[in-house]
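Good morning, colleagues. Please take a moment to look at the model on the screen before I describe it.

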Amino acid sequence: MSDIKKVSLHVENDPWLHLKGHTVARIALGRAGVSLPTQEILDFGLAHAMARDAVHLPLDIDALSSAFNEADFPTLKVETAANNRQTYLLRPDLGRRLSENSAALLAKHPQKGFDLVILVGDGLSSMAINNHALPMLQALRSLMPSEWKVAPVVIASQARVALSDEVGSLLQAKLVLMLVGERPGLSSPDSLGIYLTYAPKVGRADSERNCISNVRPEGLQYAAAAYKALWLAREAMRMQRTGVELKDQSDINTVESETLVALK
């Protein structure tokens with residue numbers, strides 16, 4: 001019987017290792033022989049599984065609505081024409097329109113003509129909504145102009161971004177702001193996106209919206225995202241437009257102030 005030799009591979013560090021502490025991106029993984037270290041392969045498998053779970057995990061609308069109500073956010077619950085998760089994933093168009101019952105519910109709502117409607121939709125990560133929607137709403141409320149007429153928060157399951165057009169149109173809103181779960185990444189299964197649309201109506205193009213991405217404690221902080229969103233909302237009201245014709249210059253005053261302080 002031949003002897004079995006044990007081979008121990010030394011893990012060689014990547015020359016970018018000093019940058020690894022500044023990002024959760026998969027850099028500076030090192031190598032063991034001609035392959036990745038076992039721990040990195042296991043971590044990748046876990047991240048991939050979490051991303052898949054984020055896509056398929058259903059949104060508990062009742063629990064979310066209760067949490068919003070307890071925090072003094074009145075809510076309206078709606079559904080899209082995609083009546084289950086599989087249909088939602090296979091038919092993106094159905095996630096962009098309300099079901100007949102939900103459309104009738106909003107059409108019959110006793111109040112109309114809002115300055116702002118906030119729509120919360122699961123999108124491709126209900127985990128993002130569960131983790132970040134409430135603190136994001138609280139951050140928005142702290143900066144909201146007191147004179148604005150704001151609708152109850154609309155919560156939608158199986159929702160795509162363009163659903164905000166129909167919701168905003170039925171409630172006759174000047175602006176609709178949608179909080180939606182973004183497509184999960186391998187380092188961010190719970191990233192929240194914010195989309196702003198002026199004069200919403202069915203058929204709006206994505207180029208007519210402003211987007212704020214990667215809202216979460218490890219990315220763009222709630223307070224910073226709320227500041228950007230409300231700055232854009234005020235400018236949208238003034239200019240009567242959103243999208244490519246409305247540039248985000250919310251950081252200019254901050255940069256100018258910091259520059260002046262540095263020059264003193």
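I begin with Gln172, which counts as partly exposed because its relative accessibility is 49%; partly exposed lies between buried, under 20% relative accessible area, and exposed, over 50%, with a 1.4 Å probe and protein chains only. This is a predicted model, in which local features need pLDDT of at least 70 and side-chain atom pairs count only at pLDDT 80 or more, while totals for chains, interfaces and linings use all residues. Residues are numbered from 1 along each chain as its sequence is written, and side-chain values use heavy atoms, with hydrogens and water left out.

Gln172 is not a glycine, yet its phi is positive, at about 55°. Its place is the loop between α6 (163–170) and β6 (175–181); helices (H or I, at least four residues) and strands (E, at least two) are DSSP runs, numbered from the N terminus.

Asn214 also has a positive phi, near 60°, in a residue other than glycine. Asn214 belongs to strand β8, residues 209–215, and counts as partly exposed because its relative accessibility is 28%.

Let us turn to the sheet. Its 6 strands run in the order β3-β5-β4-β6-β7-β8, forming an open sheet with mixed pairing; two strands pair if DSSP finds at least two bridges between them. At the edges are β3 (75–79) and β8, each pairing on one side only. Strand β7 (residues 192–198) pairs with β8 in the antiparallel sense, over 5 bridges. Within this part of the sheet, Leu192 stands opposite Val215 in β8.
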